[in-house]
Amino acid sequence: MQNYDHIKIEKKWQKEWSKNEIYKTLNKGKKMYVLDMFPYPSGVGLHVGHPRGYIGSDVYARMKRMEGFNVLHPMGYDAFGLPAEQYALQHKIHPKKAVDENVKTFERQLSIIGLSYDWTRKVNTTDPKYYKWTQWIFLQIYNSWYDKTQNKARPISELESLFEKNGNEKINAECNSDTEFFSSKEWKLFSKIEKHNILMQYRLAYEGHSEVNWCEEMGTVLANDEITNDKNGNPVSERGGFPVIKKSMRQWFMRITAYADRLLSGLDGLEWSDHIKEIQKNWIGKSDGSEIEFKIRVPGKFSSGPRLPDLAVVRAGTREDEGPDHSENFSRDSLSIKVFTTRADTIFGATYVVLAPEHPLINNYKLLITNWREIEEYINEIKNKTDEDRVKNDKEKTGVELKGIKAINPANGEEVPVWIADYVLATYGTGAVMAVPAHDERDFEFANKYDLALKQVVVSNNLLKSIVVSTTLDNDIDFKYQLQKSKIDFTLSISSISNREHIRVELKKENLQEFINIVQKYIKEKCWVEILGNENIIVLKNEVHKDFLNHSEEWFKKFLEWEPFIKGQKNLWDMLSKNTFFQNLVCYQDDGILTNSGKFNGLTSEEARAQITKFVNGKIVTKFKMRDAIFARQRYWGEPIPLKHNPDGTTTEVKEKNLPLELPNIKSYVSTGTGESPLAGVKSWVKEGYETNTMPGWAGSSWYFLRYMDPQNSKAFASKKSLEYWKDVDVYVGGLEHATGHLLYSRFWNNFLFDLGHVPTREPFKKLRNQGMILASDGRKMSKRWNNVVNPDDIVKNYGADTLRIYEMFMGPFEQSLPWSTESIIGSRRFIDRVFRLQSKVTNKKSDIEVEKIFHKTLKKVSEDIENFAFNTAVSSMMILLNEIEKFENIGKAEFKILLQMLAPFAPHVTEELWSNTGEKKSIHKSSWPKWDKNKIVDDMIKIAVQVNGKVRTEIMISKDMSESEIKEMALKDKNILTWTEGKEIKRVIYVPNRIVNIVV
């Protein structure tokens, strides 16, 4: 018998498959669209971690093809963007040339692995024939607005007609927050540029200015997920580690926020992991809440109108660097802060207001702030910190008070300080929050650090919590016994301050008096126990005091006398905040019952939110954490944005007949150094008025899955017939890291195209599977920088593509990240060798019935495992099967062919060779997936337990055809049972079918 020569076999069959186009897809039959997230073709090529997802999707696609589906399994290249441009810059070659070379490397590497792609449908985002349609889709978005009443995008021309008839006051549209109302008459009188600017406030693709992440070295804006921190915590580019700063720049934006609700609700019908769904939900960050205005109290008089009627004037003074008071220069209307809160029920507990350091109102109050230099220094200090870093839970919060101004709590008229702090972001809500330290963990930490007031206004409806210091008890052992006896829950812990034992208690409202009685029986003189919840009480030996949380200073003085271990603490809150248990009590974040809230006392949080919002003249609103997506990069290597800037300040689109607008062929494509794109230095380009920013890297990848359906179409991005046939992606495979980028953007584009009737489904990807990363053997990510990369070319050469495929599927669960081990791969190679040698045992005789059973059980398991992407257990099942059948002298050809078909998706080359050796003329990959016989997976013999008086004494093998009486008789005659029943009266015998026989004596 010939030896297994993987090099010869793999080359042979790859050539045959290519020649016969066995993976070519036609638009007919029962469809199955299996898609990989297409790669950036980098200059270093693939390492062994890259193909894991591709192999997984290929196994699935191959089985589906054999099951009779018309499978679309394509591949292409996302070749625009930073990776390609950086490689070209480093190697001093043109990006197009770099991409062409890199694509050839990737395609060769993908081909030798034996992936069943239909290469006739290949796409490349840098091909003008492709990005013509990226530009076309952009123009559809640019020429659309979002109608919130109809909940869909509509052409901008329809909006202009509405303005013409009625103005904009009654139009329910997504638009810029500062858009002003105008009448039909006013619209008609507006100039061309005024109309242009108004429409820009409604377009789904619009121009504006924004503070962005600017990388000088790379000469471009970076998205948040393209930034990391260096060892000193400073923001740097993920690629290259270059410094990143915040910079205000002209940008193009996509109004993805218009689709926020749909992007949330659309997740419900998708077969995605809960983890991915949760990531997207948190990124979108929907919050239903209230917008409430806090008036600002300032020194001096207003320039017009009376003073605020019920507010006294605070002290006047001079600023460190701004001279005397200038409050008279501020209009009355500008002196307020609009906050967004999801907890209007806690407003009576708001003890300060916090602005994001970037909040535009800060400059408005500049002349009123007495410590402006300190404010400026703080703003500059945190200017370049990322939003992610600022809101980390484990990060200490910092801030500075805006001295010279105060805010007025509209619920109770109380004056509260105004701060700026790093934990408040300008991009969420209104960029300002009312701080309620007693009911928000972040506010609590901040208030505790800066000694700000806490006021509890919501308490638990039923559950009370308490803490008792063991040394304040006369008999703590008996005390615990009495609690246990009373069925009051308690736990023990050691205080981080005193190293003393604390008894922590949770009790229901109805147990309160019983608990107080127990406490007063055992507590020492002048010692205490706190009970928090809807009572907020402190218990002493002979008295009970209510509402002690709101009299902390008074009680703290007494505690200093009674308990030496807290001496030296600044106030009671210092003591409480250093104890996790107390912190959870004082900072009660759940809904509950209102207290200390005037006429709203006794209401539930849910009832109070709407009523209080109305009471303070607020507004119920929905906010999203997600911001509009920046759709511009200051670089050369990207899709040109098909717009022209006119001398009069207006913008016009490049006509469809002139698409694609191709990149100019230039020698130098490095950054201009001014913050503008290299295209700004191309005179002919600027002379024509073309937009000098290019599209971001995610533009071409937001719709490529549609182009695969009809990649050669020159009249549309895909024909209606093709779109109706393929509809959407049935199974999408890719990395978890794209959850908040590509997956959101492509869902947004697909929803938009659905609104305009260009695609048949709202959502593009039905089922999503995420592969785990293959790490280097040292446990780190594979990287040229770490010198730990394993080249798949070497593995294929030394062990074979089939070995690589089986090993990557067998090494662990598909979604887990696992370390590579070249030493372990030999096991997968030996498995293939054994299958190859098994052909010598194949005969035309019928296999033993036991062999048939093993095969059909394995077939069922492998079929189900591939369907569920449990590839490692599928391979394991086939290895177990091989171990079993090797024990037999011969194996029937029918069973051997079933083994080959099961293995074919994993090891396509060797199975094709062995299939051909059995005499088959047609490719194994064109054969029908075998069907398991349910009659052959049921065992004839079943092992059941035999009990005597309920205790198992032995096990017996029974036939599935035996009657109940025969089974009982067998059990009674078993020699092990006779030991327990001889000489005893058998009262009855109970049989539970296929499980147990119980003999009662």
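This is a predicted model: local features need pLDDT of at least 70, side-chain atom pairs count only at pLDDT 80 or more; totals for chains, interfaces and linings use all residues.

Reader: Where is Asn 872 found, and which residues is Asn 872 in contact with?

Author: Asn 872 is found in helix α30. Helices are DSSP runs of H or I with at least four residues, strands are runs of E with at least two, and both are numbered from the N terminus. Contact means heavy atoms within 4.5 Å. By that criterion, and leaving aside neighbours within four places in sequence, Asn 872 is in contact with Met 809, Phe 810, Gly 812 and Pro 813.

Reader: What makes Phe 871 buried or exposed?

Author: The relative accessible area of Phe 871 is 1%, so this residue is buried. Phe 871 lies in helix α30, which covers residues 871-885. Leaving aside neighbours within four places in sequence, its contacts are Gly 56, Val 59, Met 809, Phe 814, Asp 865, Ile 866 and Phe 906. Ala 776 lies 95 residues from Phe 871 along the chain, and their C-alpha atoms are separated by 21 Å.

Reader: What is the phi of Phe 869, and where does Phe 869 lie?

Author: Phe 869 has a positive phi of about 60° although it is not a glycine. Phe 869 lies in the loop between α29 (849-867) and α30. With a relative accessible area of 3%, Phe 869 is therefore buried.

Reader: Is Lys 92, with a relative accessible area of 74%, buried or exposed, and why?

Author: Lys 92 is exposed, because 74% is over the 50% limit. The phi of Lys 92 is near 55°, a positive value in a residue other than glycine. Lys 92 has its place in the loop between α3 (82-91) and α4.

Reader: How do you know that helix α31 is mostly covered?

Author: Of the 11 residues of α31 (residues 893-903), 9 are buried. Among them are Phe 896, Ile 898, Leu 899 and Met 902, together with the charged-type names Glu 895 and Lys 897.

Reader: Which peptide bond is cis, and what is its omega?

Author: A cis peptide bond joins Leu 659 and Pro 660, with omega about 5°. Pro 660 is placed in the loop between β27 (651-653) and α21 (683-688). Leu 661 is in the loop between β27 and α21 too, and its relative accessible area of 8% means that it is buried. Not counting residues up to four places away in sequence, Leu 661 touches Tyr 131, Gln 135, Pro 640, Ile 641, Pro 642, Val 654, Trp 685 and Tyr 690. Leu 661 and Pro 642 are 19 residues apart along the chain, with their C-alpha atoms separated by 6.2 Å.

Reader: How many disulfides does a search of the whole structure find?

Author: The search finds 0 disulfides, a disulfide being a pair of cysteine sulfur atoms within 2.5 Å. Cys 175 has a relative accessible area of 27% and is therefore partly exposed, whereas Cys 587, at 7%, counts as buried.

Reader: What makes a region a pocket, and which residues lie nearest the centre of the second largest pocket?

Author: On a 1 Å grid over the protein atoms alone, a pocket is an open set of points with protein on both sides within 12 Å along at least five of seven lines, the probe being 1.4 Å; lining residues have an atom within 4 Å of a point. The second largest pocket is lined by 31 residues, with Thr 126, Asp 127, Pro 128, Lys 129 and Tyr 130 nearest its centre. The elements giving two or more residues to this lining are α4 (95-112) and α5 (128-142), and α5 gives the most, with 6 residues.

Key. Residues are numbered from 1 along each chain as its sequence is written. Side-chain values use heavy atoms; hydrogens and water are left out. Buried means under 20% relative accessible area, exposed over 50%, partly exposed in between (1.4 Å probe, protein chains only).
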